Amino acid sequence: MTQYATPTISHRITDFVEHCRALLPGVMVAVIVAITAKFLSEHYDTPAMLLALLLGIAVSFLGEEGKAKLGIGFSAKTLLRLGVALLGVRISFGLMLGLGFDLIALVVVSVLLTIGFGLTIARFLGHKWRFAFLTAGSVAICGASAAMAISAILPKDERSEERLIFTVMGVTVLSTIAMIAYPILVNYMDMNELAGGVFIGGTIHDVAQVVGAGFSISEETGDTATLVKLFRVAMLAPIVLFASLIIRRFHDAADEDGKRPPLLPSFVLGFLVLAALNSFGLIPAFVAEMLSGWSRWFLLIAIAAVGMKSNLKQVLSVGGAAIALIILETLFIGGIILIGILCLT
């Protein structure tokens, strides 16, 4: 037995090493773009996700052919899913429950209504359910991270990459605008710290912009906004799981090659497991912080790779109706949260 087992193991190790070598050039290019985006973000106060995407698009020729193509594809898919899975370490269900039933209900209702609104209004703007769910889910849950997670479970076609790129760009730009405009609105409406935190955390798409906007008002507003935002992030896994179940029931939900998305994507399972472990205090604080940092880097590298796989002309060809859709979804969730705050206070 040993006589035949040894060569098999040796061959597997050799194949693995060769595969890693083939991936290395593309992964390193994506990492360099991500590091550059992070550096520019810290020095010019611009969202790192947006910069990584734009820099990736600028060198998109690398993703079309050559030695880097395989590693770029790996970064855009596998590292993306690792990044989303590791988001689970940010979640603590006990901390979420501290929001209280009324605020939890408001956030849940706003997320679900926003997705429903997007799916409904997209028909009038000439877009189908895939793009509607992608944009509405991103606006409702957690911006670029949600866009990439939802894209991973949607059946693929020739325009999947374009829709993802557009959605990431859209929610990131709108988050940046909201980070500047919403604190002004909070002060203009004379909201207290709790109400201001709920509004900021319940409406801005990306976590980083929520933190920036919330703490620009006050520390208590920032803490509340971050907690509300993390609750929205916690809704990513159940919504993606439920959507996977629904998608599998459609006859036209298969990819171009006839394959259907998995019933329970592995990255969603990883997200849930890490969230559960963190909620029970089984992940030490320093480990959770480390994994959270890895998550941010994996997502940044992934979005750089997605940019390198894209064609800017095709992305921009999505059109004005797509821009209108994502803006309307953003305004809708802002209105729902604002109405909820007025009813609760």
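Colleague: Let's start with Ser244: is Ser244 buried or exposed?

Modeller: Ser244 counts as buried, because its relative accessibility is 2%. Buried means under 20% relative accessible area, exposed means over 50%, and partly exposed is in between, with a 1.4 Å probe and protein chains only.

Colleague: And what am I looking at here, and how is it numbered?

Modeller: It's a predicted model, where local features need pLDDT of at least 70, side-chain atom pairs count only at pLDDT 80 or more, and totals for chains, interfaces and linings use all residues. Residues are numbered from 1 along each chain as its sequence is written, and side-chain values use heavy atoms, with hydrogens and water left out.

Colleague: Fine. Which helix is Ser244 in?

Modeller: Ser244 is in helix α12, residues 236–247. Helices are DSSP runs of H or I with at least four residues, strands are E runs of at least two, and both are numbered from the N terminus.

Colleague: How far apart are Ser244 and Ala152?

Modeller: Along the sequence they're 92 residues apart, and C-alpha to C-alpha they're 10 Å apart in space.

Colleague: Switching topic. Which residues touch the most other members of the largest nonpolar core?

Modeller: That would be Ile200, Leu236 and Ile303, in a core of 90 residues. A nonpolar core here is a set of buried Ala, Val, Leu, Ile, Met, Phe, Trp, Tyr and Cys residues joined through side-chain atoms within 4.5 Å.

Colleague: What does Leu236 touch?

Modeller: Leaving out residues up to four places away in sequence, Leu236 touches Val84, Leu87, Ile141, Cys142, Ala146, Ala149 and Phe271. Contact means heavy atoms within 4.5 Å. Another core of seven residues lies apart from the largest one, with Ile121, Ala122, Ala322 and Leu325 among its members.

Colleague: OK, helix pairs. At what angle do α5 and α6 pack?

Modeller: About 150°, with the axes 8 Å apart; α5 is residues 101–124 and α6 is residues 129–140. Axes are lines fitted to C-alpha atoms, for helices over the stretch in contact, and angles run from 0 to 180 degrees between N-to-C directions.

Colleague: What does that make their relative direction?

Modeller: Roughly antiparallel. Angles over 145 degrees count that way, under 35 as roughly parallel, 65 to 115 as roughly perpendicular, and the rest as oblique.

Colleague: Which residues make the contact?

Modeller: From α5 it's Val111, Thr114, Ile115, Gly118, Leu119 and Ala122, and from α6 it's Trp129, Ala132, Phe133, Ala136, Gly137, Val139 and Ala140. By class that's 10 nonpolar, three polar and no charged residues. Ala, Val, Leu, Ile, Met, Phe, Trp, Tyr, Cys and Pro count as nonpolar, Asp, Glu, Lys and Arg as charged, and the others, Gly among them, as polar.

Colleague: How about α8 and α9, at what angle do their axes cross?

Modeller: Roughly 155°, and the axes come within 10 Å; α8 covers residues 160–188 and α9 covers residues 193–203. So these two are roughly antiparallel to each other. Tyr182, Pro183, Leu185 and Val186 of α8 meet Gly196, Phe199, Ile200 and Thr203 of α9. The classes there are six nonpolar, two polar and no charged.

Colleague: What sits in the loop between α8 and α9?

Modeller: Asp190, for one, is in that loop. Asp190 is exposed, at 68% relative accessible area. Its phi is near 55°, a positive value in a residue other than glycine. Most residues other than glycine have a negative phi.

Colleague: Back inside: how many of the residues of α2 are buried?

Modeller: Eight of the 11 residues in α2, residues 48–58, are buried. Met49 is one of the buried ones. The C-alpha atoms of Met49 and Ala144 are 7.8 Å apart, though 95 residues separate them along the chain.

Colleague: Where is Ala144, and what is it in contact with?

Modeller: Ala144 is in helix α7, residues 143–153. Ala144 is buried, with 0% relative accessible area. Aside from neighbours within four places in sequence, Ala144 contacts Met49, Val168, Val171, Thr172 and Asp206.

Colleague: Last one: is Gln209 buried or exposed?

Modeller: Buried, because its relative accessibility is 4%. Gln209 lies in α10, residues 207–217, and its contacts beyond four places in sequence are Pro47, Thr172, Ser175, Thr176, Met179 and Ile204.
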